[in-house]
Amino acid sequence: MRKKYCKPVYALCVALLFSTPAFADGPDLDDTEIVSSGPGMMIGNKEQEEAFSGNVSAETVPLLQGYGFSDYRVYGYNEMYDDLMTLQKNYPSMRLDSLGKTIDGRELYHVVVGNPSAPKKILVHGSIHSREYIVTKVVMRELASLLEMEKKESGYQGNSIKHLLQNTCIHFVPMLNPDGVSLVQNGLNGIGSEELRKSVLEIAQKEHVTNYSSYFRLWKNNLRGVNLNKNFDVNWEQTVDKKGYPSKDEYKGSSAESEAESKALADLQRKENFSATISYHTQGEVIYWYFGEGSYVEEAKKLAEIIKKNSNYRMVNSYRENYAGGFKDYMERKFNVPSVTVECGSGTSPVSEEQIDKIWAGQRGVLPDLLLEYKDS
């Protein structure tokens with residue numbers, strides 16, 4: 001099950017990447033709109049919290065220590081693997097499997113926390129774009145905190161987390177694009193296959209690259225040069241593809257779900273029929289929640305509002321039919337499932353590791369709040 005790759009290279013020139021304005025880096029506006037955060041408020045009810053012994057609030061959701069996701073170190077596939085193995089050992093209730101392998105042989109790890117037969121199911125995933133790998137830390141922190149609260153039978157606003165997880169389980173795919181993440185963090189040395197190294201180098205040469213370090217540091221796609229968040233079956237034919245060939249950022253692929261990673265996530269939806277989904281990206285501190293009218297709209301807006309109250313991120317309801325192919329768009333248009341894309345952090349991608357604490361502060365209460373939202377459903 002395990003396949004290890006070289007550890008991240010830390011000596012890359014990261015500082016140069018944070019000197020330009022912040023642009024939306026998600027599926028809806030595709031790097032074309034400057035964004036900023038907006039007003040919001042923390043949620044919580046002190047009177048309710050005191051009604052249950054061992055209560056936690058949005059501000060005190062635990063962050064487990066001693067894991068790779070706990071600090072400022074660069075977090076890659078190997079670190080995630082080690083943390084998943086440790087969590088599985090420490091929390092036997094955690095269910096861990098793989099949705100399949102990538103073209104370079106890495107597992108697409110999938111975790112279920114709570115009752116797999118629960119009437120409500122939420123999907124949370126991150127790092128569909130290579131250079132946005134910091135959000136894998138966010139997803140790992142979320143799943144670990146739920147496991148800890150479930151194990152300790154903690155309460156949240158007067159409700160047992162363990163009981164809430166019987167009604168709503170949460171599926172996590174912490175790193176959907178591990179091959180791309182490894183390339184961004186390690187350059188060509190992060191690719192195991194000699195054939196794939198050659199094909200990625202050919203993509204770079206076709207794009208007339210002179211600074212390979214910077215080029216690979218900004219890589220967004222998988223190793224086949226496909227933007228996975230333009231590869232889902234929603235307006236795929238009309239979706240803008242500014243290059244039309246494998247590249248670091250734009251190419252939408254030869255067909256919808258042409259890639260192992262996007263197909264694996266779509267297959268998971270077809271199997272589980274999720275009640276809601278959260279897609280973590282960077283950057284811009286905004287929440288995209290809308291993709292045209294449908295029965296999902298009211299619940300999607302509620303979902304976005306819960307995230308806004310925790311994070312202070314701005315909600316955005318603009319969309320364009322020909323900037324589609326994203327997972328949120330796919331879930332809302334094809335299945336009428338309330339879904340959001342959450343753009344974490346500020347600056348440019350990859351965002352600095354030092355932002356993780358601020359990002360976490362705005363996301364740690366989101367899943368407990370959703371468990372409360374769905375408790376009577």
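Strand S9 (residues 286-288) and S10 run parallel and are joined by three bridges. Within this pair, Ile287 has Met315 of S10 as its bridge partner. The elements named here are DSSP runs numbered from the N terminus, helices being H or I runs of at least four residues and strands being E runs of at least two. Two strands are taken to pair if DSSP finds at least two bridges between them. The model is a predicted one, in which local features need pLDDT of at least 70 and side-chain atom pairs count only at pLDDT 80 or more, while totals for chains, interfaces and linings use all residues. Residues are numbered from 1 along each chain as its sequence is written, and side-chain values use heavy atoms, with hydrogens and water left out.

The S9-S10 pair belongs to an open sheet of eight strands with mixed pairing, ordered S2-S3-S7-S4-S8-S11-S9-S10. Strand S2 (95-101) and strand S10 (314-316) are the edge strands, each pairing on one side only. From one strand to the next the twist averages 20°; axes here are lines fitted to C-alpha atoms, for helices over the stretch in contact, and angles run from 0 to 180 degrees between N-to-C directions. As a reminder, strands of a sheet pair through backbone hydrogen bonds, either parallel or antiparallel.

Further along the order lies strand S8 (276-282). S4 and S8 run parallel and are joined by five bridges, with Ile122 opposite Ala276 of S8. S8 also pairs with S11 in the parallel sense, over six bridges, and here Ser279 faces Thr341 of S11. How many residues of S8 are buried? Seven of its seven residues are, so that the strand is mostly covered, where buried means under 20% relative accessible area, exposed over 50% and partly exposed in between (1.4 Å probe, protein chains only). Both faces are covered: Ala276, Ile278, Tyr280 and Thr282 lie on one side, and Thr277, Ser279 and His281 on the other.

Attention now turns to the helices. Helix H10 (residues 327-335) has Phe327, Lys328, Asp329, Tyr330, Met331 and Glu332 buried. These buried residues pack against strand S4 (120-126), helix H8 (260-272), S8, S9, helix H9 (297-311) and strand S11 (339-344), contact being defined as heavy atoms within 4.5 Å. Asn336 follows H10 and has a positive phi, near 55°.

The axes of H8 and H10 come within 12 Å and cross at roughly 35°. The crossing of H8 past H10 is right-handed; a crossing is right-handed if the near helix is turned clockwise from the far one by less than a right angle, and left-handed if anticlockwise. On the H8 side, Leu265, Ala266, Gln269 and Arg270 meet Phe327, Tyr330, Met331 and Phe335 of H10. By class, this contact has six nonpolar residues, one polar and one charged. In this scheme Ala, Val, Leu, Ile, Met, Phe, Trp, Tyr, Cys and Pro count as nonpolar, Asp, Glu, Lys and Arg as charged, and the others, Gly among them, as polar.

Another helix pair is formed by H9 and helix H11 (residues 356-363), whose axes come within 6 Å and cross at roughly 130°. H9 and H11 are therefore oblique to each other, given that angles under 35 degrees count as roughly parallel, over 145 as roughly antiparallel, 65 to 115 as roughly perpendicular and the rest as oblique. Ile307, Asn310 and Ser311 of H9 make the contact with Ala361, Gly362 and Gln363 of H11. The residues of this contact comprise two nonpolar, four polar and no charged ones.

Two individual residues complete the picture. Arg73 sits in the loop between strand S1 (55-56) and helix H2 (77-90) and is partly exposed, with a relative accessible area of 49%. Neighbours within four places in sequence aside, Arg73 is in contact with Tyr67, Gly68, Lys137 and Glu353. The C-alpha atoms of Arg73 and Glu353 are separated by 7.0 Å, although these residues are 280 residues apart along the chain. Glu194, in helix H6 (residues 194-206), counts as exposed at 53% relative accessibility. Its C-alpha atom is separated by 9.9 Å from that of Asp104, 90 residues apart along the chain.

Among contacts between residues at least 6 apart in sequence, 79% join residues at least 24 apart.
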